[in-house]
Amino acid sequence: MKNRDYIDRLYASSKRLFVENGYDAVTMDEICESAGVSKPTAYAAKLTKPVLLARLYRPDLSESLSADPKADPLGSIADHLDRLLDRIFSYGPDLLRDLFRLELDGRKPDYFIERAWYFELIERIEHARTAGLIDNQEEAESLAGMVANFLIGYSFEYSISSADEKRENLYEGVRCILRVRRIDHAN
Amino acid sequence: MRTEEKKQQLIDSALQLFQSKGYENVSIEEICRRNSISKPTFYKYIPAKEQVLAHYFEQVSRQAMEKASGYLAEERPAAALQTLLGAVNDAAERLGPELYRIYWSYRIRQCAQADFRSSELKHMTTDCIAILQQKSEIDSKEQPEKLAMVLLDLSEGLGMSWAAMNGAFDLGRRYQNSVFSILGVLIAPSAYRTSEAS
């Protein structure tokens, strides 16, 4: 219980400091001080600056989907996309650019797109395909790969051109890739 | 014209050096020595070492657009589309993931949109897709602009993944397969072959 507590404090402090000052301007000392956690404790928990930044962008897979995957496979794909998009577009283009930079330098602990999110995307697409809603004949896994890389390309453009996030365009893009008639929230 | 030739020559010799010795180990002085020019002359053509890569990719997309116009004039929209969409990935594979990653890092620092995302490229891609739809050579009924946007963003995303994963997959083939399946290509893929690919 106590364990979770200091980790959560580190997450909260790093989030606030990164968003306020930008990734480069913040030091681990500042994060620890603001969280009231000693540096050795943070490092013992393997919480470094890149890990903390990556954590900001990790989708929360425990959030339940509003669309029922069985009754509305396409709606559940949109919901699942939102879990990731809510994070990607939350902190503005500058911080997202820092995330891409870490990724390219090989300093970020995992791939742009978290594995667990990706595997669930494959599962959702598989459902929709079984229900006959997808015209693209590729395997679910390679479809998920296309969707994921499209999201990376799209969010990269957002991060360098400060364009509006325009989530509608993203849904439309995913619809084009999967070749479905409509991908939208059920409500 | 002479200026363009000279610049091309500088870019080519710089890329050669980057590839044989590694980007970090090549100095502007060395590129200048190779070409028997002074540093100020080099900077007149290319303002910084890291811009060599940006200039290279600019040229690649410009040449691709010229070639694609030719294919369109010959009523070969499939070959035109292939040229437009394949050029940057081909160039990335020629350079290798290491240099491509340096180019991406540069773009991120500079907030530079790739030249191949220029509106002209987007328009040409859109035109090719529209013609292929009219000729019933692709199955997707989506608006051509939307498809062009998706294909170009996908190209960016795959390119960055490829660079970040140090070339872990076949970029050109993976992208091509994606393009074909998204468009729902109905005719023989050989129509998409361009002269230099054969």
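Biologist: What pLDDT does chain A average?

Modeller: pLDDT is the predictor's confidence in each residue, from 0 to 100. Where pLDDT is low, the predicted coordinates should not be read in detail. Chain A averages 88, and 91% of the residues score at least 70. Among its helices, confidence is lowest in α1 (residues 2–21), at a mean of 90, and highest in α2 (residues 28–35), at 96.

Biologist: How many helices and strands does chain A have?

Modeller: Helices (H or I, at least four residues) and strands (E, at least two) are DSSP runs, numbered from the N terminus. Chain A has nine helices and zero strands.

Biologist: Is A:E120 buried or exposed?

Modeller: Buried means under 20% relative accessible area, exposed over 50%, and partly exposed in between (1.4 Å probe, protein chains only). A:E120 comes to 14%, so this residue is buried. You'll find A:E120 in helix α7 (residues 115–130) of chain A.

Biologist: What does the A:E120 side chain pair with?

Modeller: Look for a polar contact: N or O atoms within 3.5 Å, where within protein one must be able to donate a hydrogen and the other to accept it, and residues adjacent in sequence count only if both atoms are side-chain atoms. Here A:E120 meets the side chain of A:R83 at 2.9 Å.

Biologist: And how do I size up an interface?

Modeller: The size is often given as the accessible area lost when the parts come together. Buried area uses a 1.4 Å probe and is summed over both parts. Between chain B and chain A that is about 2,600 Å², with carbon and sulfur atoms giving 66%. B:I108, B:M160 and B:S181 supply 21% of the area that chain B buries against chain A, more than any other three residues.

Biologist: How many salt bridges are there between chain B and chain A?

Modeller: A salt bridge needs a side-chain nitrogen of Lys or Arg within 4 Å of a carboxyl oxygen of Asp or Glu. The count is three. A:R179 forms one with B:D139, the closest N and O atoms being 3.0 Å apart.

Technical notes:
Residues numbered from 1 in each chain as written. Chains lettered and ligands numbered in written order. Predicted model: local features only at pLDDT ≥ 70, side-chain atom pairs only at ≥ 80, totals over all residues. Heavy atoms only, no water. Buried area = accessible area lost by both parts, 1.4 Å probe.
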